Amino acid sequence: MNDRLDPLDTARQIESSYKRYLKTLLAPRDQALATAFDAEIDSSSMLTKGPILELTPPYETGSTSRQLIEDGVLHKDFARLDSQAFSLDQPLYVHQETAIRKFVSGRNLVVSTGTGSGKTESFLIPIINSLLEETASGTIGPGVRALLLYPMNALANDQLKRLRSVLAAVPEITFGRYTGETNEDERRAENEFLQVNPGTRRLPNELLSREEMRSSPPHLLLTNYAMLEYLLLRPADIDLFDGPYAGTWRYIVMDEAHVYDGAQGTEVALLLRRLKQRVAPTTDLQCIATSASLTGSLRGDPRGEAMEFASNLFDATFEYVEGDPGRQDLVEPTRKKHLDKPTWRLSGEQLLALRDRSIRIEDVVPAGMETAEALHSEESIITLKETLSDGPGDVRRLRERLWPDDELSAEKLDALVEVGSGVKDEVGHPVLSARYHLFVRATEGAFVSFNDDGPQIFLGRHEVDPNTGRAVFEFGTCTRCGAVHLAGELEHQGRDEFFRPSKKADGSVNWLVLADADQDVLIDEDEITLSDEEAKTKTDPTTRRLCTACGVLVDANATVCPQGSCAGDHL
């Protein structure tokens with residue numbers, strides 16, 4: 001069974017399904033309009049973009065946690081965490097090591113690295129290290145040391161699982177999640193824990209209930225900003241901040257900090273100021289924000305914008321001074337650069353055979369070379385890496401770059417990416433770490449101009465047809481009968497009334513209903529109150545004709561536009 005995903009075929013299927021869906025949104029009763037609408041959707045190349053190939057080379061690695069202990073960055077008791085869940089000998093990413101060193105030195109930080117880059121370890125390692133230092137000095141006791149603030153409960157729950165595995169060996173360091181899901185009663189909370197986590201042993205240092213956390217506040221408190229608001233207000237929760245355990249707060253961590261923008265960001269910033277006034281009125285709390293996309297967007301100074309955002313959010317000092325690593329509070333990822341000189345090249349026939357599984361990559365690499373080593377020096381892979389070094393690229397451009405004028409270039413690129421992604425080096429990193437993207441855009445609506453040779457459809461907003469100069473109206477259809485409605489605004493000029501394309505974005509527009517070409521009045525069967533004979537002789541006074549050129553509304557029986565300079569047809 002072949003379960004391989006073909007990115008090109010998948011993209012075609014997605015595009016086809018999306019276009020079929022768009023056709024169901026409008027079903028004009030007017031056949032000419034319906035045909036033109038379907039044809040425009042079928043021919044449009046603006047609804048999807050891609051597939052686009054992006055290379056995601058592995059992060060550069062640095063020291064291990066054991067080496068940081070030997071260097072004196074981490075306390076010697078940090079070695080107690082060594083376990084299957086957390087290996088002291090696993091190399092840290094360079095950005096993790098940088099964040100740990102800076103955080104231990106007392107800097108406020110923004111860690112802006114991608115998903116799966118170990119942002120959690122960037123703050124969890126130095127915070128646990130500080131708690132182990134307290135333990136070693138005999139000063140550890142109940143009381144919140146670090147607030148871990150998450151925008152969603154799901155993220156806090158995921159962090160709990162991580163903490164259970166890492167802190168199993170250090171029962172004196174306590175942690176607890178206090179959200180709307182947290183039970184009041186300890187027994188009920190424990191029963192719920194056993195039901196949700198069958199086969200999992202409850203750790204003695206995980207506080208499960210509100211009762212437990214109030215009587216003995218955890219060192220690591222996980223919550224969300226909405227619950228933090230309640231905690232600061234409720235007298236029952238006062239001991240988390242004041243009372244016998246006051247003065248213990250040291251750290252605030254905000255995960256996914258980029259979500260706190262706009263009005264919500266202002267509310268959270270004020271909330272943090274209230275918290276700091278409550279728990280550390282005369283001292284500074286150390287702050288750290290993590291995000292996959294918090295490097296700013298200002299041209300020329302994106303890091304400065306990120307620092308300003310963090311400073312405003314935490315009301316704390318963040319800075320980034322070019323050329324001075326000691327004053328750079330933004331930690332960004334460092335990717336591995338592996339661009340050897342090409343020593344050989346896979347032929348097109350070999351790539352197609354690899355794609356069909358008729359040969360193995362081990363059968364074609366140069367003799368005496370390891371497979372991963374050989375692929376790192378393969379010409380097509382190196383060319384692909386160089387081409388995508390500045391960012392993602394459309395696969396059509398890549399195919400032409402590697403195999404110009406080759407009708408099988410799509411299959412060859414697919415094979416190259418698959419081979420490179422499937423072979424890993426000695427540390428488990430793929431030779432070619434890549435992913436495909438396909439972007440699907442929503443239409444702005446459906447728009448039409450009525451020309452001599454039939455309706456012209458646009459899927460983007462226009463006021464004037466660029467080819468004929470005629471008005472372009474947004475249109476919709478009745479879901480029951482398919483009658484076409486034009487959106488516009490009524491304008492009066494002297495004694496004439498015009499129906500113009502709407503420029504409003506708030507939906508407060510007028511709708512003109514188009515009658516069928518062979519009838520003067522569009523009749524709704526549910527609203528007939530006249531006798532059949534009366535219906536034949538009376539004309540609806542609201543029925544008029546619209547000049548498709550200038551937009552003037554005239555009597556239903558008129559055949560010529562009253563505007564002297566207008567040669568438009570009428571509907």
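Mentor: Helices here are DSSP runs of H or I with at least four residues, numbered from the N terminus. Please bear in mind that this is a predicted model.

Trainee: In which helix do tyrosine 18 and tyrosine 21 both lie?

Mentor: The two tyrosines are three residues apart, about one turn of the helix. The element that holds both spans residues 7-25 and is helix α1.

Trainee: Are the rings of tyrosine 18 and tyrosine 21 stacked, tilted or edge-to-face?

Mentor: A search of the whole structure finds nine aromatic pairs. For tyrosine 18 and tyrosine 21, the ring centres are 6.5 Å apart and the planes meet at 25°. Planes under 30 degrees apart count as stacked, so the pair of tyrosine 18 and tyrosine 21 is stacked.

Trainee: Is tyrosine 21 buried, partly exposed or exposed?

Mentor: Tyrosine 18 has 16% relative accessibility and therefore counts as buried. Tyrosine 21, by contrast, has a relative accessible area of 46%.

Trainee: How many residues apart are phenylalanine 103 and tyrosine 251?

Mentor: Their ring centres lie 5.4 Å apart with planes at 35°, so this pair is tilted. Both residues are buried. Phenylalanine 103 belongs to helix α4 and tyrosine 251 to strand β9, so placing the pair across distant parts of the chain; the separation is 148 residues.

Trainee: Over the ring of which residue does the charged end of arginine 335 sit?

Mentor: The charged end of arginine 335 is 4.1 Å from the ring centre. The ring belongs to tyrosine 59.

Methods. Residues numbered from 1 in each chain as written. Predicted model: local features only at pLDDT ≥ 70, side-chain atom pairs only at ≥ 80, totals over all residues. Heavy atoms only, no water. Phe/Tyr/Trp six-rings, centres within 6.5 Å; stacked < 30°, edge-to-face > 60°. Buried < 20%, exposed > 50% of the residue type's maximum accessible area, 1.4 Å probe, protein only. Lys NZ or Arg CZ within 6 Å of the ring centre and 35° of its normal.
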